[in-house]
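Please walk through this structure with the sequence at hand.

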Amino acid sequence: MNKRYIFTFPPDIVNRPVVSEIAKHFDVMVNILNADVTSGREGKLVVELEGEEDNVVKSLAYARESGVICIPLLKQLQFDQDSCVACGVCTAVCFSDALTMDSEKWELVFDPEKCVVCGRCVRACPLGLFSLAMES
Ligand code: SF4
Ligand code: SF4
């Protein structure tokens, strides 16, 4: 299975190596898609967990026992690419680089693998070409 989660680390455990422990002990690959971590303050990671379902479940239980709040990302981004006029506005708000401009073709490039479903582009696009939907 392959699932995305928001991991929130309370300030007192923000320096604990929970993610590396998961990879080491549960045979689960952890891709960090986005990180906002500062020592002494609450930290947030957007992670993708990939592995056998049983191992992912165990790794989530371990993270929660360690004090991490784990919330699944249940939404996905939908994009009406055919109507895009390549104005580039959305690329300025996409901090994960899921939206970039191809400077040679002057086309918007969307990489769903990098999207952390933050919703910023939904608000930014003047033509309203993005929407969020629940994962099926
Ligand atoms: S929701 Fe939009 S702004 Fe946020 S990461 Fe995905 S493409 Fe980028
Ligand atoms: S803001 Fe909308 S119209 Fe402009 S490049 Fe992004 S998706 Fe296309």
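Arg64 sits in helix H2, which covers residues 53–65. The model is predicted. Around Arg64, 13 C-beta neighbours fall inside 10 Å. Val18 is 46 residues away from Arg64 in sequence. In space, the two C-alpha atoms are 9.7 Å apart.

Now turn to the ligand. Ligand 1 is surrounded by 13 residues. The closest are Cys94, Ala98, Cys115, Cys118 and Cys121. Sorted by class, the shell around ligand 1 holds 10 nonpolar residues, two polar ones and one charged one.

Next come the backbone angles. Most residues other than glycine have a negative phi. Ala86 has a positive phi of about 55 degrees, although it is not a glycine. Where is Ala86 found? Ala86 lies in the loop between strand E5 (75–79) and helix H3 (89–93). Is Ala86 buried or exposed? Ala86 counts as exposed because it has 12 C-beta neighbours inside 10 Å, and 12 or fewer is the cut-off for that class.

Trp106 also has a positive phi, near 50 degrees, and is a residue other than glycine. Its place is in the loop between strand E6 (99–102) and strand E7 (107–110). Inside 10 Å, Trp106 has 9 C-beta neighbours, so Trp106 counts as exposed.

Methods: Residues are numbered from 1 along each chain as its sequence is written. Chains are lettered from A and ligands numbered from 1 in the order in which they are written. This is a predicted model: local features need pLDDT of at least 70, side-chain atom pairs count only at pLDDT 80 or more; totals for chains, interfaces and linings use all residues. Helices (H or I, at least four residues) and strands (E, at least two) are DSSP runs, numbered from the N terminus. A residue is buried if 20 or more other C-beta atoms lie within 10 Å of its own, exposed if 12 or fewer, and partly exposed in between; C-beta atoms are placed from the backbone. A residue is near a molecule or strand if its C-beta atom, placed from the backbone, lies within 6 Å of it. Ala, Val, Leu, Ile, Met, Phe, Trp, Tyr, Cys and Pro count as nonpolar, Asp, Glu, Lys and Arg as charged, and the others, Gly among them, as polar.
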